[in-house]
Amino acid sequence: MGHTSLQKIIALQRNPANIRNLCILAHVDHGKTTLADCLVASNGIISSRLAGKLRYLDSREDEQIRGITMKSSAISLHCTHGAQEYLLNLIDSPGHVDFSSEVSTAVRLCDGAIVVVDAVEGVCPQTQVVLRQAWLENIRPVLVINKIDRLILELKLSAQEAYTHLQKLLEQVNAVTGSLFTSKVLEDRAEKEEEKERDMASGDYVYDCSDGLEEADDSLLYFSPDQGNVVFASAMDGWGFSIQQFANIYSQKMGIKAAVLLKTLWGDFYLNAKAKKIMKGAQAKGKKPLFVQLVLDNIWSLYDAVVTRRDAEKVEKVVTSLGVKVMARDSRHSDPKVLLAAICSQWLPVSQAVLSMVCEKLPSPLDIAAERVEKLMSVGARRFDSLPKQTQELKRAFLECSSGENSPVIVFVSKMFAVDTKALPQNRQRPLTQEELSQRRELARQRHADRMAADQAATESNKDLNHTGRVPQEDRPAGLSTAKMESLTLKESKQEEEEEQKETFVAFARVYSGVVKKGQRVFVLGPKYDPTQGLRMLPEGCSASDAVCEVPHLSCCTMESIYLLMGRELEELEEVPAGNILGVGGLQECVLKSATLSTSPACPPFTPLNFEATPIVRVAIEPIHPSEMPKLVRGMRLLNQADPCAEVLIQETGEHVLVTAGEVHLQRCLDDLRERFAKIEISASKPIIPFRETVVRPPKVDMVNEELGKQHKVAIIHQVKEEASQSRLSDNLHVDPSGLVTLDTPNRLSTVSVRAIPLPHEVTCLLESSSELIRTLEQVNMSLREGKSLDVSLRTLEAIAGLKTQLESLLQGRKWRNTVEHIWAFGPRRYGPNILLNSVEGYQRPSVWQCLSRGDNVIDAGAQSAQLRDFDNSIISGFQLATLAGPMCEEPLMGVCFSVERWDIQSSGQSQNQDSVEKGSISPEDFAHHKVERRSDTSQAEGTAAGPGHARRRPEANAGDCYGPVSGQLIAAMKEACRHAFQAQPQRLMAAMYTCEIMATAEVLGRMYGVLGKREGRVLHEEMKEGTDMFIIKAVLPVAESFGFADEIRKRTSGLASPQLVFSHWEVTGSDPYWVPTTEEEYLHFGEKADSANQTLKYMNAVRRRKGLYVDEKIVEHGEKQRTLGKNK
Amino acid sequence: MSIFTPTNQIRLTNVAVVRMKKGGKRFEIACYKNKVLSWRSGVEKDMDEVLQTQSVFVNVSKGQVAKKEDLTKAFGTDDLTEICKQILAKGELQVSDKERSSQLETMFRDIATIVAEKCVNPETKRPYTVNLIERAMKDIHYSVKPNKSTKQQALDVIRQLKETMEIQRAHMRLRLVLPAKEAKRLKEKLKPLLQVVESEDFDEQLEMVCLVDPGCYREMDELIRCETRGRGSLEVLSLKDVEEGDEKF
């Protein structure tokens, strides 16, 4: 068959009854792309000789190298079946787990699917997955059992054995379909029961004990050769057949009706040679089944003749009997496979078998099931009936698939893919006309002249600069010549950028109704768009060309160009009628990954694609050259658009994180970034793992579960004291045995006493979840402090009051009495999960809840507390700093309450002095002394670089500035006090945890638990999914252990368990990082150094090492065991 | 004493000599390499892991042991362990290779961490990662000076990095309240220090929220305090003006 012309395809597109939209689905390496190749070859696009080797639809380089498909790509084929001509829109999809998102995008656009199964490997994990996907999208599958040749040549099965093997295989596939069916029925039943239960409350009800399975009809669901929905094939060797073909052949030969043969050719039937009758019960009587006798034996003998024995004579005979012409060069070829392919592809061409099955068995766009339409149109739990009337009317348009001028256009975009701009048909290279040539010449000439002029100007202006000092145009005070250079490079880089923008995004889409025309304006409906709202807000009869629309999740765009997808090529079209798959250009601004396009605002957005694999492999990406950051960001944006499954985000830490579905997917994304989107060198690394620091109540038992005596407690405090005495603030610091830390400011004018108390878990959670609210509360307070009143909505006030009562109910007991009233601040950043508590006697300050009781915030302030109030902010700042970075590894604190129990600034006798300090009348020398001391302490807090010497040199300059120093000292003192108070309690690290949901079959459960256990995971519960043999396991896993988790679990379970990870909460890690054995039992159990793995310590040291903090580790473990030779020996 | 020739020369390997001069005499002890600093920082607690032998020498390479009377004269005791401890704590030594490299590496990291904490990408207002800063520091061939504080070096590094990449100190968000009288005059003075003025409200007094470079904070503080005689106020709204939360593309 020759190459089909574009006109032909355009003509065929208009007849939806003869259009088949289908995709090829299978497990990886079962031969999807090879099959697709055969079909493509049938259209003459590639040579049939190359079919199966070329892998035409794998257009990416890495696809060809790795030999796996990585994206779904479409091609339109023409075929003639019977008297009719058909248009097939074929989508090839990847089989690897990592790319199952691509499968989802393909399945959505199709009406039917070819499921390919390897005859040897049988049903594999991905086969199950694709069958499920096809099932969920309500599309009709047909089966191709591929690689039958492997049964002959590799397994060396006899025809009879092969038949039983194929039978079993078919049963396996049907079992999967069956389980999908039963689970659906059971679900329906559960739903019905729920409804009934609701009814029961109102009226009487008789329990229905049938489980619904019997009622539901499933006969049409299964694959069976006699139904005509199974093809046996070897795409590599180019042959394939359905029962029907053989039935036709033998009905002529043997004079048995084709219909009878069709029914009996597959199954337990045999041919009674004498009676010339087909009888039942071949197995029982030890006879050859009909299928073996009539079909398989022929193929087996052909293989035997051509490949195994290489019997030229016999081949000759077979060839003539089949009426096939074999070219001389094929028969003389040294590889028998070539000859085989030459014979088979003429005898039983696979494309014909598959194409005729597709044309007959798969539905056309006209046959789209009403049920499927409803499912597509009703997002989430919303029922179809609840949609507005106009929307429901659209259903008709769907069902009719009408291409009339008046019918609304509905298009679904399932993914965006990047195409080299050069490859677009409008930009394709073509011979230049004479006119263009001359034009180019002119341009080049001009450019040359410009450059000359610029050079001259540069040198001249250089001279100018010397004389007049004229500022160059760019407003750069730097030397002009460099400025000029920069501007030149700027221009160049701009040009470069333009050149680099050569990725154009084309939407992979399907028209469900109406005719799509080039340049048409349509509405883009976001996933959250609500047609009810849209219809209300838009005027009647509004069309997309009226540009202004302020409806949420709705925007307009123009379809700038329309393409016919032809594998790696695109053909430009003017219009595409309903029922076809197409590419749309010019949508990259308004469509991110998928969208629904329509001319009618009544159209609801389609249900989002259901992805079997969610992205879970996280890596942090950085450019090798830091200056290329902007390029990376742009590249990642493009990648995000081009890949349906990849997620890209910038974290608070500044990391650019890429989340992919698996390692292979990750590799592809990185390659894409490097070579197409960003075009820079990048490095991918393990992402930074966040931790939190907290304190806990002192433990009652030690590590070997012995009751702790008093002795141990003393030891802890002793330890703290030892540490404290090492620090430079030692003489100002006092720690009392109960954990109260008292600290003087360096000038000894002020003292603070702070105690750290662990907050109950629930309180931490509450604070964490209501951080937004606390932030608004903080804003309100700030404006109140100024005496201004901010307009606070009643709702916010209610929410704040609610938070307060909740806190009160959670903070109960003697220790926490009245604490909620005395909350001073939250931290870090004023809204975190830590509390600063005012337990200073006699110090009254406006509470954080003051906005609740407006009006009565008059507080009778004594002189002392008034003075304290001036420094109120310093204490808060100190607290904020302390909570932002804890002493363990400079990570933020969480769930700690710092209670300030004593705070005084030198009392009245000196307060005069203090005042005078504020007025700046203190003697300079005295001040300088303070200043120096202070500087060394607060430079850390303030972040200024001025050293002490610097301050000493110019005390006069700072003489007026004396309020600052005291507040600064106070900040530092408060921060230190908090840190020491924190250290006086048993400290713990909090690790971020993922909840991990794993679907796994029963046989890999054990191995999956192994992986979880190795990575410190904890199983919360497991349950069996009703109607299947799948288990759903819920577990928690530390984020720190999750790197490579997905890959490992897939490897260990041969892909039968697929995890999903979602961040859930923070959890205190079990062990104390500073723990060393202290009691006798602990010595006995752990030894002196306790070097059995302390997970917390490991985490902590890793963070400290990353941050360049001091790590308590020896550089060399054993001094003696170092290399003892000198360097120059 | 033998003749000192290359053939009979005994090379001291894996030996770090710690010297101390006391009472006009020089004393030395022989230690293992890479161990002395660990001892000083308190990580290594076992003295036998540090010392090769507990004897005190006058010259380690020649194997001359110090005389007992000299020791008693200088240290007031002849307890060798005690003397060794003293020398270990106070003597001078050449820092060994691994010690030095780990020290430099730690400082390098520390500097990078400080820079990453203080700076943002001016385009996205997001911090850079420590890794990236480290790489950038290596690109500009920054060498760590062991005797300068990391903080000071970090500020140096920021200045140098500005030439190769888009980086700037994260701004502080401040709120100024200036009394009406001085407002205008003061505003002119402050103007060069302010990077961005986010809001300005002038009724009874001038109230501004602005972003400034943290380096200017002290200067502004002084200026406002002196000029307004304590009536104006300066409040830190946030130490670092950075984007918060994760952003999805």
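Colleague: Where is D149(A) found?
Modeller: D149(A) is in helix 6 of chain A, residues 148-153. Helices here are DSSP runs of H or I with at least four residues, strands are runs of E with at least two, and both are numbered from the N terminus.

Colleague: Before we go on, what are the ground rules?
Modeller: This is a predicted model, where local features need pLDDT of at least 70, side-chain atom pairs count only at pLDDT 80 or more, and totals for chains, interfaces and linings use all residues. Residues are numbered from 1 along each chain as its sequence is written, chains are lettered from A and ligands numbered from 1 in the order in which they are written, and side-chain values use heavy atoms, with hydrogens and water left out.

Colleague: Back to D149(A). Buried or exposed?
Modeller: D149(A) counts as buried because its relative accessibility is 7%. Buried means under 20% relative accessible area, exposed means over 50%, and partly exposed is in between, with a 1.4 Å probe and protein chains only.

Colleague: What does D149(A) touch?
Modeller: Not counting residues up to four places away in sequence, D149(A) touches E154(A), S234(A), D237(A), W239(A), Y303(A) and K337(A). Contact means heavy atoms within 4.5 Å.

Colleague: And S101(A), where is that found?
Modeller: In helix 4 of chain A, residues 100-109. S101(A) counts as buried, at 2% relative accessibility. Leaving aside neighbours within four places in sequence, S101(A) is in contact with F611(A), P644(A) and C645(A).

Colleague: Zoom out. How many helices and strands are there in chain A?
Modeller: Chain A has 37 helices and 34 strands. Of its 1129 residues, 51% count as buried. Among contacts in chain A with a separation of 6 or more, 75% come from residues 24 or more positions apart.

Colleague: Helix pairs next. At what angle do helix 16 and helix 17 of chain A cross?
Modeller: Roughly 135°, and the axes come within 10 Å. Helix 16 covers residues 370-377 and helix 17 covers residues 389-400. The axes are lines fitted to C-alpha atoms, for helices over the stretch in contact, and angles run from 0 to 180 degrees between N-to-C directions. Helix 16 of chain A and helix 17 of chain A are therefore oblique to each other. As for cut-offs, under 35 degrees is roughly parallel, over 145 roughly antiparallel, 65 to 115 roughly perpendicular, and the rest oblique.

Colleague: Which residues make that contact?
Modeller: Helix 16 of chain A brings A370(A), V373(A), E374(A) and M377(A), while helix 17 of chain A brings T391(A), L394(A), K395(A), F398(A) and L399(A). By class, that contact has 6 nonpolar, 1 polar and 2 charged residues. Ala, Val, Leu, Ile, Met, Phe, Trp, Tyr, Cys and Pro count as nonpolar, Asp, Glu, Lys and Arg as charged, and the others, Gly among them, as polar.

Colleague: What about helix 8 and helix 11 of chain A, how do they cross?
Modeller: Helix 8 (residues 243-254) and helix 11 (residues 290-308) of chain A cross at roughly 110°, with axes that come within 11 Å. The two helices are therefore roughly perpendicular to each other. I243(A), F246(A), Y250(A) and M254(A) in helix 8 meet F291(A), L294(A), V295(A) and N298(A) in helix 11. That contact divides into 7 nonpolar, 1 polar and no charged residues.

Colleague: Now the leucines. Where is the place of L564(A)?
Modeller: L564(A) sits in strand 15 of chain A, residues 561-566. L564(A) counts as buried, at 0% relative accessibility. Its contacts beyond four places in sequence include L6(A), I9(A), Q13(A) and S76(A).

Colleague: How far apart are L322(A) and L564(A)?
Modeller: 39 Å in space, C-alpha to C-alpha, and 242 residues in sequence. L322(A) is in helix 12 of chain A, residues 312-322. L322(A) counts as partly exposed, at 27% relative accessibility.

Colleague: Switching to chain B. What is phi at H141(B)?
Modeller: Positive, about 55°, although H141(B) is not a glycine. H141(B) lies in the loop between helix 5 and helix 6 of chain B. At 68% relative accessibility, H141(B) counts as exposed.
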